[in-house]
Amino acid sequence: MAASAPRFTKPPAIRQSPDDPTRLYFECQVQGTPKPDVTWFQNDNKISATSTKHKQTFNVATGNNYDVQLEITDLGPNDAGTYKIVVKNKAGEVTANVSLNFSNEEESTSTPAENSTEGTAPTFIQKPIIKQENDGKRLKFECKIAADPKPDLFWSRDDISLQDSGRYLIYCDPLPNNTYVACLEIDDVNATDAGKYKISAKNKLGESNAHIQLNLDNQDQGSSSSVGRPAFSVAPQVRMFEESILLEGLCTADPVPSFTWTLDGKAISAGARYRQGILSEGNTHRIFLEILQLTKKDSGTYKLTAKNAKGDGSATIQLNIEGIDFKIPEGLPPSFLNKPTIKQEAKTAMIQFDIGADPSPSLHWLKDGKELLNVDKIISRMTRAGGNKYNISLDIKNLATSDSGVYKCTLSNELGTAVANIVIKVAGDQATLEQQDKIAPAFEKPKITKDTKQKSIKIECRCQGKQEPKITWKKDKTEIKDTANKYKITKTKEANDTYIFILEILNVTSTDTAIYKILAKNDAGDSQALINLTVEADAEQPKDEEQPKPKPKEVNGNKMTAPVFTDKPKEVTATDGDKVQIQCKVTGSPKPEITWFLNKKEVKPSAEYVQEYDGTTAKLTIPDGYVDDSGDWMCEAWNETGEATQTVRVTIKEKRGKAKRIRKAPPKTAPKKDEEPSKKDQRKQALEQQKTVPAIETPKSVETASTKETTSTKETPPTIEIPSIANAEEDDRRVPLIQTNESIYEEQGPRRPKPTDNKPVDKPKRVSQSKLDVISETSSSSKPRERKKRSPLETHTESLAPIFIEKPENITVKKGEPTFVEVVVDGNPFPKVTWYKEKLEIVQGVKFKTEVDSTTGIATLFIAKCRDNDESLYGVTIHNEHGEAHAEFNLYVSAPQIRTDQPEEVIY
């Protein structure tokens, strides 16, 4: 069992015997492995274990929990004072103080009882661990402490105090329930940072300590005797593969060192769950440990020790299995680019071949099923050949017939694995390669092709191999086979032993989002490639307007589901000026809309806050993090069936020796008249608009349009309200409304008088021709509208505030048809374009899509299948750091409807 520093599971408390007022007990419960030692003090004087006045007991409760008691007999005034308990084992120690005061004989226990409820002494609820940041250039010691009140922290290395300055950053951030995360960060790590680190946490009720060892051995530059001794300049790296974790240490040494790995002090031996290997490039060596079939027991402290004739060096890393997520990066799975060749010099045979991979792969050798770790006999080298290509060589020294056998080379990275079986025969002192007529499978980078019309996706993998490889497809570790209306697997053979394997996914839905794997195998070896496929959920197709609109229950045949966050994101810690990225995994159908908040205030997408969502992972990237960006970031996911939120704590520390930077407030992009509603309110309003079409309330006696078509009663001609000429420019931004001479009540203002039956019917009122031309400027033509075509904008050498070269025009569109609106804009830098419906910012989705071409300056808003509630006033805002501009236009659906809030212009 791994060692653990002592901690109090029950803080010290005072209990007085009800039967004997002269007898008093201090009681607590502690935890620790191995069994800790306990020492009691009164006013800094050690209490002897053989004292007749004080009786000490220490009993096992359960597991590694122990009940501790100090009994005081013949209680008197001289027993008053501060009692301290020290609990210690080899992993650390913890202390607590309890005050015993006497005001008189009757109140002897009242004060201690109050003190025991004032709070708790510090205890370590998570022992210190070491994490890497900034590609190993920064180390972070992190532990968690329970204490009330908040403790003061003191860090030291080899008993030398460390101060919160220079390369060292010390902080203690609060967590719920009187717990804290305590951290020590070290920038620009080097070998001199190795040593024994100690953290002391102290408050008025006690003190607790914990230790952790950091090994970063380096060569002593001034001593010729240590030249060539293994030296680690950075801590080992952790890489997550699909079904394993790779620990990778980098050291310099000459000659090539042997190595060992340990977990919590116990040696790791070869076995089915571990792969070990070393790759050399000159005097630099990459040493690997790959852990398969992961379990929680694989968490702990790993130590890598490298040793050669000049000495030894070591490095450690703390691994927490639960804190690592597998993500497929952009890159290339490992593949063999040519057949192996063999060269021989004296009694050393060199097997060479080329590979392709990105990121760089680990390499593991087996001979007849046994690991090749004897560096005096075998040396494996990898040299970069340019780009993502490498040359691999295996040197076999002191050739003997026993070196004959099957050498299995395994290459692995985050995108896949490649295995080649190389058969070597040694006759006398000559080595040759056997079975050269076979080639292990090798994949090129897979291609994904989406066919939106057919609702299908093709994954195409080109593979070379001789003999023909046997292929297996998997989705999230489950094998895929030909399935009617779902999966179609095909194969095409090309020249040069090359094959094209295709998996076609039919009737694609969001449930097809997964990690897909293709495995190829023949007698010469095997290979596999991973493909990360994300399918966005489409919204339900609009139904015919004449049919009732029940609440949608399915989207493209899949049940609608409310957004769900599938994991808990890790806290983010960075330094002022660092690139900061927050990721939350969230799914839902239809695809949720994502909104980010900082301390409950919405943060809109911008160059300062880049927001992405691919249907499974919501990302917020801050390219240049400021201290002001610290706080509680909340990711909100919303769709028609519900919403969910996830909060991530972000801490950005000031850079030592530099003044705090202040982020400039971004320019406002919303319309200026009224404060813009939050995106959450916008969505609620949008849903309401979809449910009911806004209309002016009319009395029951007023006939609807559909009623008029089916009745034969006489109708009075409609009257039309007309804007005043003085306000014509402002009225161009309003959507006119047909007004009959029936009684109508406005939402605000006085009611209009109802015409009496004995009054003659007024003459119909007409709109001026100029106003009618504006209203029906696009409806008079039945020709389909064409997209704008423009030559590129002029290149600007000076700053330029945003300008409209062409403003938007009013649009009339038939119900159920799509449409688009275009503007031409310019500015330096090129402006950001934001579209609005009324005062609500338009968010891209199934209904609305936007497009910006910064070369020609054309910005386009696309609207799918227009409905009555799409008829509205729209706006577009363009802005950059030098200013902003705004323009508006009207969208009319079906026949032009004319409405205005201005006085009527009547022509008789």
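Me: How many bridges pair β52 and β53, and in which sense?
Reply: β52 and β53 pair over four bridges in the antiparallel sense. Strands here are DSSP runs of E with at least two residues, numbered from the N terminus, and two strands pair if DSSP finds at least two bridges between them. This is a predicted model, in which local features need pLDDT of at least 70 and side-chain atom pairs count only at pLDDT 80 or more, while totals for chains, interfaces and linings use all residues. Residues are numbered from 1 along each chain as its sequence is written, and side-chain values use heavy atoms, with hydrogens and water left out.

Me: Which residue in β53 is the bridge partner of Glu612?
Reply: The partner of Glu612 in β53 is Lys619.

Me: And what sits between the two strands?
Reply: β52 and β53 form a hairpin with three residues between them, and Gly615 in the turn has a positive phi of about 100°.

Me: Which residues of β52 are on its covered face, and which on the uncovered one?
Reply: Gln611 and Tyr613 make up the covered face of β52, whereas Val610 and Glu612 belong to the uncovered face.

Me: What sheet do these strands belong to, and in what order?
Reply: The sheet is an open one of four strands, in the order β47-β49-β53-β52, with antiparallel pairing. β47 (561-565) and β52 (610-613) each have a single partner strand because they stand at the edges, so one side of each has no neighbour in the sheet. On average, neighbouring strands of this sheet are turned by 20° against each other, direction ignored; the axes behind such angles are lines fitted to C-alpha atoms, and angles run from 0 to 180 degrees between N-to-C directions.

Me: How many bridges join β49 to β53?
Reply: Six bridges join β49 (residues 580-589) to β53 (residues 617-622), and the two strands run antiparallel. Within β53, Leu620 is the bridge partner of Ile582.

Me: Changing topic to aromatics: how many aromatic pairs are there?
Reply: The count comes to 12 aromatic pairs, where rings of Phe, Tyr and Trp (its six-membered ring) pair if their centres lie within 6.5 Å, and planes under 30 degrees apart count as stacked, over 60 as edge-to-face and the rest as tilted. One of them is Phe26 with Trp40, a tilted pair because the planes stand at 45°, with the ring centres 6.1 Å apart. This pair links distant parts of the chain, since Phe26 is in strand β2 (residues 24-33) and Trp40 in strand β3 (residues 37-42), 14 residues apart.

Me: Are those two buried or exposed?
Reply: Phe26 counts as buried at 0% relative accessibility, and Trp40 is buried as well, with a relative accessible area of 2%. Buried means under 20% relative accessible area, exposed over 50% and partly exposed in between, with a 1.4 Å probe and protein chains only.

Me: Which cluster do ring pairs link Phe26 and Trp40 into?
Reply: Ring pairs link Phe26, Trp40 and Tyr83 into a cluster.

Me: Which charged side chain lies over the face of Tyr168?
Reply: Arg167 does, at 5.4 Å from the ring centre, and Arg787 likewise lies over the face of Phe820, at 5.8 Å from the ring centre. A charge sits over a ring if NZ of Lys or CZ of Arg is within 6 Å of the ring centre and within 35 degrees of the ring normal.

Me: Now salt bridges: how many does the structure hold?
Reply: The structure holds 34 salt bridges, each being a side-chain nitrogen of Lys or Arg within 4 Å of a carboxyl oxygen of Asp or Glu. Among them is the one between Arg286 and Glu248, whose closest N and O atoms are 3.3 Å apart. Arg286 lies in strand β23 (residues 284-292) and Glu248 in strand β19 (residues 244-252), so the pair ties together parts 38 residues apart in sequence. Both Arg286 and Glu248 are buried.

Me: What does Lys604 form a salt bridge with?
Reply: Lys604 forms a salt bridge with Glu841, the closest N and O atoms being 3.4 Å apart. Lys604 counts as partly exposed at 27% relative accessibility, whereas Glu841 counts as buried at 18%.
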